[in-house]
Amino acid sequence: MRKVSSASKTADKVFRVATGLCASSPVLFLVAIGIVVFIESVPSIKFMGWHFLTGTQWNLGDMYGNLEVKNGVSAPAGATYGALPYIVGTLASSVIALLIAVPVAIFTAIILAYRVRGPVKTVLSILVELLAGIPSVVFGLWGVIVLAPWVAQFFGPLLTHLGVVIPFFRGPVGTGMGLLSSGLILALMIVPIITATTRDLLEQVPILYREGGIGLGMTNWEVVRKICLPYVKDGLIGAVALGWGRAMGETMAVLMVSGSAINYLPHSIFSPISTMAAVIADQLDSALTDATHLAVHALAELALVLMLLTLITNFLARWLVHRGGQRVRSGVRA
Amino acid sequence: MNQVVKWISVTASAAALISVVGCGTGAGNNATNANNATNTAGGGTSSAQVTLNETGSSLLYPLFNSQWISAYKSVDPNVTINAASTGSGKGISEAVAGTVQIGASDAYMSNALMSANPSMLNIPLAVSAQQVMYNIPGLGADKHLNLSGDVLAQIYMGEIKKWNDPKIAALNPGVQLPNQPITAIRRSDASGDTFLFTQYLSDSNSEWKSKYKYSTQISWPAIGNSLIGATGNAGVVTELANTKYSIGYVGISWLDKATAKGLGYAALKNHDGKFVLPTKENIQAAANAEADKVPSDERISLIDAPGANSYPIVNFEYAIVNSKQSGDMASALKKFLKWAIDPKGGNSAQYMDPVHFLPLPASVEPKSEAQINKIGG
């Protein structure tokens, strides 16, 4: 039997403690952030109740006027916090982003995984990953200077032709700052994440399965559609959920092209919107000058709702995977 | 293969990071060297090295960044000043929190906030103004539309929807106004400019006063595509330039940049019913008209000042400072602020003119000085 030196034993203990600490940190941080955000939002929850989720009026109140007390919480006169426009804005812009990004990302990933080799593949992969590394504010700047004017002058007027069929596409197009531009810029930002994850997944499809498909006379499309995509379905939905989470939480770029709507639910794809993350960033400075701090608590509640919404979408995605998982697995094996 | 890709991208990003860090340290070294050089040249003042941090108003930022910081190096080489353009709301909140020594703000602190933080001072450093700008192609660069606070309020509430509305036409006889919908631009961030603009609207329109009031962030009318938020003065100017038939409010220190992009600015209706432009004389007239009313804590609105020539949207640029400062910091802060309001120092025309600011009225300067003397006391 090997004689273990005391130094090795100590090292092993250190290793155990270190890995234990590190491994528990995600849980600890998540719980700590959750608790802090919840405690911060308690006054706002008391002040607004369920109206926070259904109300459309967001008003910090008359900060240069008198204070008033409502539901046991003191606030500047006229303060009311209804987050519905921001919840709708967050969901609408991120869903538009997904509708555009998912097909683009999957097709790109298929090309990267199966169709290109050597330096071309290396360069393309690096470019996709670099796209993920562009700072959000750079996307935002580009959005303000290039994307929004383009939407206002060309893309928007083009889309209004669809307005005959789908009322949500009806004009006026306006400034280009709004739901459509937010969705487009978010799509650009989440394509790299979904692409990179999907590419890695597709590369794990055993070559035998694909060769088998080709051997049976299946076309490329049939191999991808009937063998590869079903094989990676679980992971794919995870990748989409990851992109969705990113799109909902994205702040700066959306803030710059959203038109920062307030008290307003989008009437069309060209309407200005605002997302929960953008409102938190936009209003925090004014909120901090609220002597009662209620405005900060309301923003904390907004953060809480955002966290819960991200969690729900994540679970929804997992549930979808779980529900469809069994059938797909057996299908592949057969 | 995948491994290779990962390695290459990791190396690339690491290289980028290193080059950025490299630049940073390089600049830092240079700054330190320059500092040492001036120290030896100055013959050694006895005060210790102090760094003053300023953040807040994007309207005040050009004065700090392009004028005062470099000028003050020769006044007191031991003091380093860092300035940041983050918005007036942030200026107030960071000064209250103690993160910065000087919070720059176009807005003074509210009563409620003052009673919660009684040691804070609102010290006017200069007089500033705000112009209402628009993008109307074909109007002619030299033509200034006449607009009133009442009409502006109705535009921002969506009650006036087109440029050729009879209410705008009535203020501008003989001007060919386009039959085009108006897009109003507002600030989306916590902004002193919003504070000033909404104060002017509240003073001019009773509906605005009862519904929307004034603040650095208000609950704006819900008029959809007709009212768009943009970040910072830079964002508003860009959005105005991008959007034909738009209107917005912009701080005076941005006037030259905005007119260079082809934007026009309005003559605004003042308290006496005259339409006036934000010229040096008109801003000064407004400040002088209100100078005697300035209380000892100097929290006062200069909006809609009386007098035939008074420009209506005029304000003090405030340094929000906590009077509780210790030792070296207190003396450095006092010295800098006194220099800043000195008509022969920071308030002299060579620093004020490039940003279209005006020095404090003669009767206000002693009040600012009295407040500065409270620091560290």
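Start with a pair of residues: Gln131(B) has Val250(B) of strand β8(B) as its bridge partner. The model is a predicted one, in which local features need pLDDT of at least 70, side-chain atom pairs count only at pLDDT 80 or more, and totals for chains, interfaces and linings use all residues. Residues are numbered from 1 along each chain as its sequence is written, while chains are lettered from A and ligands numbered from 1 in the order in which they are written.

Some terms, then. Helices (H or I, at least four residues) and strands (E, at least two) are DSSP runs, numbered from the N terminus. Two strands pair if DSSP finds at least two bridges between them.

Back to β8(B). Strand β4 of chain B, residues 120-135, pairs with β8(B) in the antiparallel sense, over 6 bridges. β6(B) also joins β8(B), through 2 bridges, and these two run parallel. There, Ala184(B) stands opposite Ile247(B).

Is β8(B) covered or open? Strand β8 of chain B, residues 246-251, is mostly covered, with 6 of its 6 residues buried. Buried here means that 20 or more other C-beta atoms lie within 10 Å of the residue's own; exposed means 12 or fewer, partly exposed is in between, and C-beta atoms are placed from the backbone. In a regular strand the side chains alternate between the two faces of the sheet. For β8(B), the buried residues on one side are Ser246(B), Gly248(B) and Val250(B), and on the other Ile247(B), Tyr249(B) and Gly251(B).

Next, β7(B). Strand β6 of chain B, residues 183-187, is joined to β7(B) by 4 bridges, and the two run parallel. Arg186(B) has Gly229(B) as its bridge partner in β7(B). Both faces of β7(B) are covered too: Leu227(B) and Gly229(B) are buried on one side, Ile228(B) and Ala230(B) on the other.

Chain B also has an open sheet of 3 strands, in the order β5-β10-β11, with mixed pairing. Its edge strands, each pairing on one side only, are β5 (146-147) and β11 (275-276). Strand β10, residues 267-269, is joined to β11(B) by 2 bridges, and they run antiparallel. Leu268(B) is opposite Val276(B) in β11(B).

Why is Ile81(B) called buried? Because 21 other C-beta atoms lie within 10 Å. Two residues are in contact if their C-beta atoms, placed from the backbone, lie within 7 Å. Leaving aside neighbours within four places in sequence, Ile81(B) is in contact with Leu52(B), Glu54(B), Ile69(B) and Tyr72(B).

Now the two chains together. How many residues does each chain give to the contact? Chain B gives 38 residues and chain A gives 42. On the side of chain B that touches chain A, α1(B) gives the most, with 6 residues. That side divides into 13 nonpolar, 21 polar and 4 charged residues. In this count Ala, Val, Leu, Ile, Met, Phe, Trp, Tyr, Cys and Pro are nonpolar, Asp, Glu, Lys and Arg are charged, and the others, Gly among them, are polar.

On to chain A, which has 12 helices and 4 strands. Of its 334 residues, 42% count as buried. The C-alpha atoms of chain A fill a box of roughly 75 × 75 × 40 Å, taken along the principal axes.

Take helix α8 of chain A, residues 220-231. Its 12 residues, at 1.5 Å a residue, should span 16 Å, and its end C-alpha atoms are 15 Å apart, which agrees. The expected span is 1.5 Å times one less than the number of residues. Val223(A), Val224(A), Ile227(A), Cys228(A) and Tyr231(A) are the buried residues of α8(A). Seen down the axis, they fall within an arc of 125 degrees, so they line one face of the helix. The arc is that of the directions from the helix axis to the C-beta atoms. The face turned away from that buried side carries the exposed residues Trp221(A) and Arg225(A).

Last, confidence. pLDDT is the predictor's confidence in each residue, from 0 to 100. Chain A averages 90, and 96% of the residues score at least 70. Within chain A, confidence is lowest in helix α12, residues 294-333, at a mean of 78, and highest in helix α3, residues 84-115, at 95. Over residues 327-334 of chain A the pLDDT is below 50.
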